[in-house]
Amino acid sequence: MPDLHLIDHPLIQHKLTLMRRAETSTAKFRTLLKEISLLMAYEVTRDLPLKLETIQTPMATMEAPVLAPEKKLVVVSIMRAGQGILDGILELMPSARVGHIGLYRDPQTLRVIEYFFKVPEDLSDRDVLVVDPMIATGNTAVAALYPLKQAKPRSLRFLCLLAAPEGIAHFHREHPDVPLYAAAVDEKLDERGYILPGLGDAGDRLFGTK
Ligand code: URA
């Protein structure tokens with residue numbers, strides 16, 4: 001598969017299993033998603049460039065590495081479940097900039113409609129990380145990436161927790177140039193487009209709306 005990065009660290013796998021359990025509470029689900037996001041963020045940001053800065057320790061002067069990009073990373077959350085991943089990443093990178101994209105599916109035409117789009121101005125010299133816990137059919141992820149590509153960020157990558165093979169294929173067909181990071185790839189979709197075995201509706205479980 002082109003550019004699918006499976007981040008399957010044992011801690012992530014263990015926490016994901018806890019998230020999948022039907023009896024896991026909303027509070028626990030939220031905490032686990034935050035923790036997994038933090039762990040995944042390590043891997044997703046592994047190749048961020050560094051530069052050397054002269055600093056003074058209590059003992060000596062040294063050339064020490066700091067993140068090179070002048071402009072902060074932008075994390076774009078796909079509403080609403082993306083918020084759960086965003087919260088974890090902001091804990092690790094509190095000064096990251098944030099964007100939001102809202103999409104829904106028109107029940108008549110089944111087309112994905114964008115109802116909200118707000119990202120930092122001028123993405124041209126920024127690295128952008130788009131987050132959404134689930135890639136099921138891939139429709140939302142695919143649609144979210146088009147307006148972002150128009151803003152021509154320096155780099156674009158996508159982080160999810162769980163993906164279905166159908167969604168990954170769709171994603172790669174439409175956006176073969178965007179690296180995709182996931183903690184696990186599940187078996188298939190059901191007839192309503194839910195991931196099996198999955199973890200249910202990530203938004204409902206995160207916000208306790210069901
Ligand atoms: N979105 C979810 O929250 N869960 C799924 O299984 C599929 C899409």
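Student: Among contacts in the protein chain between residues at least 6 apart in sequence, what share join residues at least 24 apart?
Tutor: That share is 63%. Keep in mind that this is a predicted model.

Student: Okay, and how many helices and strands are there in the protein chain?
Tutor: You'll find 14 strands and six helices.

Student: What does the C-alpha trace span along its principal axes?
Tutor: About 65 × 40 × 30 Å.

Student: And what percentage of the residues are buried?
Tutor: Buried residues account for 45% of the 210.

Student: Switching to helix packing: at what angle do α2 and α3 pack?
Tutor: Helix α2, residues 26-44, packs against helix α3, residues 82-92, at about 55°, and their axes lie 7 Å apart. An angle between 35 and 65 degrees is neither roughly parallel nor roughly perpendicular, which makes α2 oblique to α3.

Student: Is that crossing left-handed or right-handed?
Tutor: The α2 and α3 crossing is right-handed.

Student: Which residues meet there?
Tutor: From α2 you have L33, K34, S37, L38, A41 and Y42. On the α3 side they meet G84, I85, D87, G88, I89, E91 and L92.

Student: How do those contact residues divide into nonpolar, polar and charged?
Tutor: Seven are nonpolar, three are polar and three are charged.

Key:
Residues are numbered from 1 along each chain as its sequence is written. This is a predicted model: local features need pLDDT of at least 70, side-chain atom pairs count only at pLDDT 80 or more; totals for chains, interfaces and linings use all residues. Side-chain values use heavy atoms; hydrogens and water are left out. Axes are lines fitted to C-alpha atoms, for helices over the stretch in contact, and angles run from 0 to 180 degrees between N-to-C directions. Helices (H or I, at least four residues) and strands (E, at least two) are DSSP runs, numbered from the N terminus. Angles under 35 degrees count as roughly parallel, over 145 as roughly antiparallel, 65 to 115 as roughly perpendicular and the rest as oblique. A crossing is left-handed if the near helix is turned anticlockwise from the far one by less than a right angle, and right-handed if clockwise. Contact means heavy atoms within 4.5 Å. Ala, Val, Leu, Ile, Met, Phe, Trp, Tyr, Cys and Pro count as nonpolar, Asp, Glu, Lys and Arg as charged, and the others, Gly among them, as polar. Buried means under 20% relative accessible area, exposed over 50%, partly exposed in between (1.4 Å probe, protein chains only).
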